[in-house]
Amino acid sequence: MFVKSVSLQHYRNYETMELDTNNNVNIFVGRNAQGKTNLLESIFVLALTKSHRTAKDRELIAWDKDHTLLKAAVERKYGTYNLELNISKQGKKAKLNGLEQKKLSNFIGSLNVVMFAPEDLEIVKGGPSVRRRFLDMEIGQVHPGYLYHLQQYQKVLVQRNNLLKQMWNDRSSAHMQMLEVWNEQLVEHGVKIVKKRKYYLKKLQVWAERIHAGITNGQEQLAISYVPSLALDEDNEAVLFEQFMIKLSQMNDQEIRRGITLVGPHRDDLAFSINGKEVQTYGSQGQQRTTALSLKLAEIEFMHEEIGEYPVLLLDDVLSELDSYRQTQLIETFQEKVQTFITTTGIESIHAHRLQDANVFHVENGQVRR
Ligand SMILES: Nc1ncnc2c1ncn2[C@@H]1O[C@H](COP(=O)(O)OP(=O)(O)OP(=O)(O)O)[C@@H](O)[C@H]1O
Ligand SMILES: [Mg+2]
């Protein structure tokens, strides 16, 4: 898919802005604090109706205004979509081709984006919870049913942990029976989560490894592995269920002593290695960044498989941190098929032979010009 134009009104530091983005590569150049990230963020917001940076919608509205209006024309396989999103203190209103959408979920998905920003380095460098969140968001985007099981699992987990704490000094049979109930529910949803994670990671691995090899001219072999809290080799749900239940009963005493659930998908992790060495520990900054990037780019292929069209790629401030070879490979891999929006503080830091055809925009104090 392809974003033909974007227009903003009262969005962050943009008063009004109209942008013609009729090009596969759009580069936004400007000094710090001029509005480059705000612009990419606005495209992200048009896709998902929320920001990648904040959960507070009112931060998106220009300080002295009470609403903001975002518009985009998106060309897709089967026609052009006109997207309109109005955010005010009263809430959000979305229109698709002029028709108001009662449910935001009917609007989300009209535009698909993959954003890669500096904070995504945390997927590699940060703690396991960052990786789980990445995984959950990724799977959730293509498989909404997954999010249902995740929510249910988390609810049960909280209840179960509360019960475990009570059982520290009261192991009455009523409590034991209650624990049985929570165990079954935990395992029921847990098995669904584990199964989906295994399935999607298998796909993600293939794409990410291939992309990483491409970006590094075959010098680096990336391997992604799932580090499940439960080593479950099976795919059969009944067997998984059984194995998870057995593990819980084995951990029973320890769990009551500590008052928390010690096994399950809430303790899963991912591990990355390059040429057999763990990236978190031994990888250089550039390798860590390339690993995170390969994961994000794998997401692009993922979505393509799922929806039959490529999403739009948003690269905020990340290109200049890659060496020129990696930059060129990255751009050339996607230039033909994926529309890309890139921000940078200096165009001279972007080394790609084939950028002559790109749109270059200058961003200054909430204004954009060619
Ligand atoms: N709601 C808002 N209303 C008005 N201005 C805002 C609002 N939110 C943020 N800003 C301003 O927008 C400016 C530009 O922010 P942005 O993050 O887009 O900069 P940038 O060009 O990406 O800079 P950098 O190169 O440092 O990443 C900031 O100075 C900030 O004060
Ligand atoms: Mg920025």
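Lysine 65 counts as partly exposed, because its relative accessibility comes out at 24%, and since everything I will show today comes from a predicted model, please take that value as a computed one. The residue is found in the loop between helix 1, which covers 36-48, and strand 4, which covers 67-76. Leaving aside residues up to four places away in sequence, lysine 65 touches His10, Glu15 and Lys89. There is also a contact with a sequence neighbour, in that the side chains of lysine 65 and aspartate 64 are joined by a polar contact of 3.5 Å.

The histidine in that list deserves a moment. Histidine 10 and lysine 65 are 55 residues apart along the chain, and yet their C-alpha atoms are separated by 6.6 Å. Histidine 10 itself is found in strand 1, residues 2-11, and it counts as buried, because its relative accessibility is 11%, where the cut-off for buried is under 20%. As background, most residues other than glycine have a negative phi.

Asparagine 217 brings up the topic of phi again, with a positive value near 55° in a residue other than glycine. The place of asparagine 217 is in the loop between helix 5 (173-215) and strand 9 (222-227), and the residue counts as partly exposed, because its relative accessibility is 49%.

Let me step back to the overall layout. The protein is divided into domain 1, made of 2-112 together with 309-369, and domain 2, made of 124-280. Between the C-alpha centres of domain 1 and domain 2 the distance is 34 Å.

With that division in mind, I would like to look at asparagine 26, whose place is in strand 3, residues 25-29. Is asparagine 26 buried or exposed? It is buried, because its relative accessible area is 0%. Its side chain makes a polar contact, at 2.9 Å, with the side chain of asparagine 359. The residues that asparagine 26 touches, not counting those up to four places away in sequence, include Thr21, Gln339, Thr340, Phe341 and Ile342, as well as Asn359 and Phe361.

Alanine 358 lies in the loop between strand 13 (340-344) and strand 14 (359-364), and it is buried, because its relative accessible area is 12%. The C-alpha atoms of alanine 358 and isoleucine 27 are separated by 7.0 Å, although these two residues are 331 residues apart along the chain. When residues up to four places away in sequence are set aside, alanine 358 touches Asn23, Val25 and Ile27.

Glutamine 101 is the next residue on my list, and it lies in strand 7, residues 99-101. This glutamine counts as buried, because its relative accessibility is 18%, and the cut-off for buried is under 20%. Its side chain reaches the backbone oxygen of leucine 99 at 3.1 Å, and, residues up to four places away in sequence not being counted, glutamine 101 touches Ala94, Leu96, Asn106 and Phe107.

From there I turn to glycine 140, which lies in helix 3, residues 128-142, and counts as buried, because its relative accessibility is 8%. Its C-alpha atom and that of leucine 150, which is 10 residues away along the chain, are separated by 9.4 Å. Not counting residues up to four places away in sequence, glycine 140 touches Tyr146 and Leu147.

Finally, the ligand. Which residues come nearest to ligand 1? Of the 17 residues around it, those are Ala33, Lys36, Thr37, Asn38 and Glu59. By class, the shell around ligand 1 has 4 nonpolar, 7 polar and 6 charged residues. On the side of the backbone, an N or O atom of glycine 35 lies 3.0 Å from an oxygen atom of ligand 1, and a backbone N or O atom of asparagine 38 lies 2.9 Å from an oxygen atom of the ligand. A side chain takes part too, in that an N or O atom in the side chain of arginine 53 is 3.3 Å from an oxygen atom of ligand 1. Taken alone, ligand 1 exposes 650 Å², and the protein buries 77% of that.

Technical notes. Residues are numbered from 1 along each chain as its sequence is written. Chains are lettered from A and ligands numbered from 1 in the order in which they are written. This is a predicted model: local features need pLDDT of at least 70, side-chain atom pairs count only at pLDDT 80 or more; totals for chains, interfaces and linings use all residues. Side-chain values use heavy atoms; hydrogens and water are left out. Helices (H or I, at least four residues) and strands (E, at least two) are DSSP runs, numbered from the N terminus. Buried means under 20% relative accessible area, exposed over 50%, partly exposed in between (1.4 Å probe, protein chains only). A polar contact is a pair of N or O atoms within 3.5 Å; within protein, one must be able to donate a hydrogen and the other to accept it, and residues adjacent in sequence count only if both atoms are side-chain atoms. Contact means heavy atoms within 4.5 Å. A residue is near a molecule or strand if one of its heavy atoms lies within 4 Å of it. Accessible areas come from the Shrake-Rupley method with a 1.4 Å probe; for residues, only the protein chains shown count as cover. Ala, Val, Leu, Ile, Met, Phe, Trp, Tyr, Cys and Pro count as nonpolar, Asp, Glu, Lys and Arg as charged, and the others, Gly among them, as polar. Domain bounds come from an automatic or database domain assignment.
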